[in-house]
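Welcome, and thanks for taking a look at this chain. Please have the sequence and the 3D view open side by side as you read.

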Amino acid sequence: MAKEFARAFYDGMPWRRCRKAYISKRIAIDGGLCEKCHERLGYMVHHTVMLTPDNINDPEVSLNHNKLEYVCKPCHDREEGHFIQRSKVQDRCTFDDEGNPIPIPRKEE
Ligand SMILES: [Zn+2]
């Protein structure tokens, strides 16, 4: 589900270690609740700065606890349109007067 350029990063030890440490920290603070709704338990660690090929190797961005959020799945999905299953996005298209499919532009990221 991660973007191609991010795969190596998400599979790598530095991120796994960072993510684990962050979750432990959140559990110590409030039991690991979602930082947005504070209702459900966190499900994934989210980067508040959108990772790009330019910043993903900058630990100040990609491995910085101050730029992370522990959120539940509904909150995370609401925030980032690109985590909606790709197939769903492709299903969302409309047709012009001649019956040609027009893809609906994806939400600004
Ligand atoms: Zn939530």
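## Overall fold and confidence

This is a predicted model. The chain holds five helices and four strands, and along the sequence these come in the order α-α-β-α-β-α-α-β-β. Of the contacts with a separation of 6 or more, 51% join residues 24 or more positions apart. Of the 109 residues in the chain, 10% are buried.

Confidence is highest in helix α2, at a mean of 98, and lowest in helix α5 (residues 86-91), at 46. Over residues 83-90 the pLDDT stays under 50, and the model has six contacts beyond four places in sequence for this stretch.

## Helix α2

Helix α2 takes in residues 13-30, 18 residues in all. From its first C-alpha to its last it reaches 26 Å, close to the 26 Å expected at 1.5 Å a residue. Is this helix buried or in the open? One of the 18 residues of α2 is buried, so the helix lies largely in the open.

His-38 sits in the loop between α2 and β1, and it counts as exposed because it has 10 C-beta neighbours inside 10 Å.

## The nonpolar core

Which residues make up the largest nonpolar core? There are seven of them: Cys-34, Val-45, Leu-68, Tyr-70, Val-71, Cys-72 and Cys-75. Strand β2 (residues 68-71) gives the most to this core, with three residues. As background, nonpolar side chains tend to be buried together in soluble globular proteins.

Leaving aside neighbours within four places in sequence, Tyr-70 is in contact with Tyr-22, Ile-23, Arg-26, Gly-32, Cys-34, Glu-35, Gly-42 and Val-45. Among these partners, Cys-34 and Val-45 are core members too.

Val-45 belongs to strand β1. Why does Val-45 count as buried? Val-45 is buried because 20 other C-beta atoms lie within 10 Å, and 20 is the cut-off for a buried residue. Not counting residues up to four places away in sequence, Val-45 touches Arg-19, Tyr-22, Ile-23, Leu-68 and Tyr-70. Val-45 and His-76 are 31 residues apart along the chain, while their C-alpha atoms are separated by 9.1 Å.

## Leu-51 in its loop

Leu-51 is found in the loop between β1 (44-47) and α3 (59-62). Leu-51 has 19 C-beta neighbours inside 10 Å, so it counts as partly exposed; a buried residue would need 20 or more.

Which residues does Leu-51 touch, not counting those up to four places away in sequence? They are Ala-6, Ile-56 and Ser-62. Leu-51 and Ala-6 are 45 residues apart in sequence, and from C-alpha to C-alpha they are 8.0 Å apart in space.

Methods:
Residues are numbered from 1 along each chain as its sequence is written. This is a predicted model: local features need pLDDT of at least 70, side-chain atom pairs count only at pLDDT 80 or more; totals for chains, interfaces and linings use all residues. A nonpolar core is a set of buried Ala, Val, Leu, Ile, Met, Phe, Trp, Tyr and Cys residues joined through C-beta atoms within 7 Å. A residue is buried if 20 or more other C-beta atoms lie within 10 Å of its own, exposed if 12 or fewer, and partly exposed in between; C-beta atoms are placed from the backbone. Helices (H or I, at least four residues) and strands (E, at least two) are DSSP runs, numbered from the N terminus. Two residues are in contact if their C-beta atoms, placed from the backbone, lie within 7 Å. The expected span of a helix is 1.5 Å times one less than its number of residues. pLDDT is the predictor's confidence in each residue, from 0 to 100.
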